[in-house]
Amino acid sequence: MEQRHLGRTGLRVSRIGLGTLTWGRDTDEHDAAALLKAFWEAGGNLVDTADVYGDGEAEYLLGRLMEGLVPRRDLVISTKAGSVPDPDRRVDGSRGHLLAALDASLTRLGTDYVDVWHIHAYDPDTPLEETLQALDLAVSSGRARYAGVSNFCGWQLAKAATWQLAAPGIRTRLSSSQLEYSLLQRGIEREVLPAALDLGVGLLPSSPLGRGVLTGKYRDSTPADSRGASEHLAPFVAPYLDDTASRIVDAVRTAADGLAVTPLQVALAWIRDRPGVAAPIVGARNAQQLTAALSVETLSLPDEICRALDDVSAPVHRYPDHDWSTL
C-alpha cells in the first residue's frame with residue numbers, strides 16, 4: 001500500500017487507516033485479529049483507536065494482538081484522549097486528565113509509546129495552552145512520537161496549530177487532525193481544510209463512507225447485520241438516510257456502474273485523494289469488508305467522475321469563504 005507523510009512531518013502512514021471504534025464491543029477478538037492481520041499483510045500500518053472506544057476494550061484488544069500477531073514496529077498506533085463519560089462535561093482537556101489518560105492507554109496497549117496522540121475534542125472550559133502543554137509533555141517524555149487534535153473546528157485548529165508553531169523546538173507541531181469527512185459530510189471544507197493546508201496539518205477523515213451509507217447497502221432497506229440495525233449505532237446512521245443523501249448515493253452508484261467497480265470503492269477513492277488528506281480511517285466490521293476497502297488501492301477516479309461527484313455533493317459555501325467580489 002502506498003504511504004504518505006502525515007502533515008508536514010517525517011512520519012509516513014499507509015493511505016488507508018484501520019479504525020477500531022467497535023472493537024471490544026461489536027467486534028470480538030477473533031474478528032479483530034482477522035482485520036489486523038489482513039490490514040498488515042496488505043501493507044497497512046496506521047491503526048486508529050481511542051481510550052473511550054469500548055470503554056478501553058479496543059485499546060486492550062489491540063495491545064493483546066500486537067503481542068503475537070503483528071510486530072509493534074510495523075504499526076503506527078494512533079489513540080485519543082479527552083472524551084469522558086460525563087453527560088455534564090463530555091470533554092476534559094485538562095493537563096492532569098490527559099496525561100493520566102495517556103498512561104492508562106499505554107498500559108492497555110502494552111507499549112511504551114504511541115506514534116500519534118490526539119486530543120479527542122476541544123474543551124472550552126480548559127485554557128487551550130494547558131491542553132496543548134499535555135501534548136508537549138507527552139512528546140518530550142517519549143510517551144508519544146507525534147501529536148494531533150480531533151473534532152476541532154476551523155478557528156480552534158488554526159489557534160492550536162499556530163500556538164504550537166510559535167515556539168519551534170519547544171512546542172510540538174501538530175501533525176494531524178481527525179474529523180468526519182465524506183461525500184455526505186463536507187463541512188470541514190469550509191474552514192478546517194483551508195487551515196490544515198496552510199498550517200501543514202494532515203487530515204485523517206473518519207466515517208469516510210458516510211457511516212456506511214455510501215456503500216449503497218441502505219438504499220432499499222436496512223440490513224439486519226448492519227450498524228443501522230444496531231440499537232446503539234442506529235442513531236449514528238440515521239442522519240444520512242435522508243433525500244439529500246439518497247441523491248448522492250445514486251450518483252456514486254452510477255459512477256461505480258460506469259467504472260465497473262463498487263460504490264464503496266468510488267466513495268473511498270474520492271475521499272482518499274482529496275487535498276490535504278493523509279489517510280481515511282476505515283471502520284470495517286470484518287475481514288471481508290476490509291478486503292473490499294483495501295481493493296481501492298489500485299483505483300484512481302477519472303477527473304470527470306470527480307467533478308460530477310463534487311457537484312452533486314457540494315456544500316453551500318458563500319460569503320466570506322469565497323471571494324466577495326464574485327458574489
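Guide: Helices (H or I, at least four residues) and strands (E, at least two) are DSSP runs, numbered from the N terminus. This is a predicted model: local features need pLDDT of at least 70, side-chain atom pairs count only at pLDDT 80 or more, and totals for chains, interfaces and linings use all residues. Residues are numbered from 1 along each chain as its sequence is written, and side-chain values use heavy atoms, with hydrogens and water left out.

Visitor: Let us begin with the sheet. In what order do the strands stand?

Guide: Read it through pairing: two strands pair if DSSP finds at least two bridges between them. Here 8 strands make an open sheet, ordered S9-S8-S7-S6-S5-S4-S3-S10, with parallel pairing.

Visitor: Which strands stand at the edges?

Guide: S9 and strand S10 (281-282) do, each having a single partner strand, so one side of each lacks a neighbour in the sheet.

Visitor: Is strand S9 enclosed or open?

Guide: Judge that by burial: buried means under 20% relative accessible area, exposed over 50%, partly exposed in between (1.4 Å probe, protein chains only). In S9, 4 of the 5 residues are buried, so the rest of the structure largely encloses this strand.

Visitor: How many residues of strand S6 are buried?

Guide: Strand S6 (residues 114-119) is mostly covered, with 6 of its 6 residues buried. Strand S5 (residues 76-81) runs parallel to S6 and is joined to it by 4 bridges. There, Thr79 stands across from Trp117 in S6.

Visitor: Now a helix. Which residues of helix H6 are buried?

Guide: The general idea comes first. An α-helix has 3.6 residues a turn, so residues three or four places apart point the same way. In helix H6 (residues 192-199), the buried residues are Val192, Leu193, Ala195, Ala196 and Leu199. They span an arc of only 165° around the axis, which places them on the same side of H6. That arc is taken over the directions from the helix axis to the C-beta atoms.

Visitor: What covers the buried residues of H6?

Guide: Contact means heavy atoms within 4.5 Å. The cover for the buried residues of H6 includes helix H5 (154-165), strand S8 (174-180) and strand S9 (202-206).

Visitor: Which residue takes a positive phi just after H6?

Guide: Gly200 does, with a phi of about 75°.

Visitor: What does Arg25 touch?

Guide: Leave out residues up to four places away in sequence, and Arg25 touches His232 and Leu233.

Visitor: What separates the C-alpha atoms of Arg25 and Asp55?

Guide: Those C-alpha atoms are 8.8 Å apart, while Arg25 and Asp55 are 30 residues apart along the chain.
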